[in-house]
Amino acid sequence: MENEDFCAVCSIGGELLCCDRCPKVFHLTCHVPSLLSFPTGDWVCTLCRDVQRPEVEYDCEESRLPPHTPPSALSPCDLRKCEKLTLLIYSNILSAPFHEPVSPLARHYYQIIKRPMDLSVIRSRLKRSSSAHYSSAGEFVSDVLLMFKNCAKFNYPDSEVAQAGHSLQNFFLSKLSEVFPELSCPAPDDDSDSDDYEEPECAAAVAFPWPERREHSHRKRKRRRSLSWRRHHY
Ligand SMILES: [Zn+2]
Ligand SMILES: [Zn+2]
């Protein structure tokens, strides 16, 4: 099996970790959860790892917690499921506009969207060190749906970003029912922004930076250990 050339999350090359079960490759910090070191043996990504009986343990913040850390309200299995869903969204090429917060320079965005949400926030809330760590899978799902709701609210329905958000939401919901068959999908809370004005103030002018998939790679660097790598040194 040939692994891909660019990170499944950020589409950039460099020092990448290869999954032994699927073609995907990741930067340590792009993978969910972020990894602290390159593993030495076989390794499977969050998308391939069994959520019930994980084949490998990741060297991540969670696994380095001191032994007597109180247990999280989010069970280890539910955490793995949420991480899997998060990485599924990140690895979908349509998710690029959702990776980071909308720029503070985006006209009117923060007047219209009262509860901004993006994948970087969701990813940070999966960590126990976060003061806003998820205490249930339902909280996680609410954040993901809020992100899509904001997208649908702010962008013209026929804009590229709105359509990406819509497709991505359908993708997420189908994966959600696979990963959490027992979890009924919470109804989107329509009241959250009820004090907002509802004019179709849209942001067609906001240009999201869509990453280009790079077609050619002359240097594949996939390593399981650290190497010095400069991104711009081709
Ligand atoms: Zn990456
Ligand atoms: Zn994999």
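Mentor: The buried residues of α4 are Ala 137, Phe 140, Val 141, Asp 143, Val 144, Leu 145, Leu 146, Met 147, Phe 148, Asn 150, Cys 151 and Phe 154. Buried means under 20% relative accessible area, exposed over 50% and partly exposed in between, with a 1.4 Å probe and protein chains only. This is a predicted model, in which local features need pLDDT of at least 70 and side-chain atom pairs count only at pLDDT 80 or more, while totals for chains, interfaces and linings use all residues. Residues are numbered from 1 along each chain as its sequence is written, chains are lettered from A and ligands numbered from 1 in the order in which they are written, and side-chain values use heavy atoms, with hydrogens and water left out.

Trainee: What covers the buried residues of α4?

Mentor: The cover includes α1 (76-90), α2 (109-112), α3 (119-125) and α5 (160-179). Contact here means heavy atoms within 4.5 Å.

Trainee: And how many helices and strands does the protein have?

Mentor: There are 5 helices and 2 strands, in the order β-β-α-α-α-α-α from the N terminus. Helices (H or I, at least four residues) and strands (E, at least two) are DSSP runs, numbered from the N terminus.

Trainee: Changing topic, which residues coordinate the zinc ion (ligand 1)?

Mentor: Cys 7 (SG), Cys 10 (SG), His 27 (ND1) and Cys 30 (SG) do, at 2.1 to 2.3 Å. Donors are N, O and S atoms within 2.8 Å of the metal (3.2 Å for Na, K and Ca); water is not among the atoms, so sites may look incomplete. In sequence, the donor residues are spaced C-x2-C-x16-H-x2-C.

Trainee: Why is the arrangement called tetrahedral?

Mentor: Because the 4 donor atoms subtend angles of 96 to 115 degrees around the zinc ion; four donors count as tetrahedral if all angles lie between 85 and 135 degrees.

Trainee: Is His 27 buried or exposed?

Mentor: His 27 is buried, at a relative accessible area of 15%. Cys 30 also counts as buried, at 13%.

Trainee: Where does His 99 lie?

Mentor: His 99 is in the loop between α1 and α2, and its relative accessibility of 14% makes it buried. Leaving aside neighbours within four places in sequence, His 99 is in contact with Val 9, Tyr 90, Asp 118, Leu 119 and Ser 120.

Trainee: How much of the protein as a whole counts as buried?

Mentor: Of its 234 residues, 43% count as buried.

Terms used: Four donors count as tetrahedral if all angles lie between 85 and 135 degrees; four count as square planar and six as octahedral if opposite donors are over 155 degrees apart and all others between 65 and 115; anything else is irregular.
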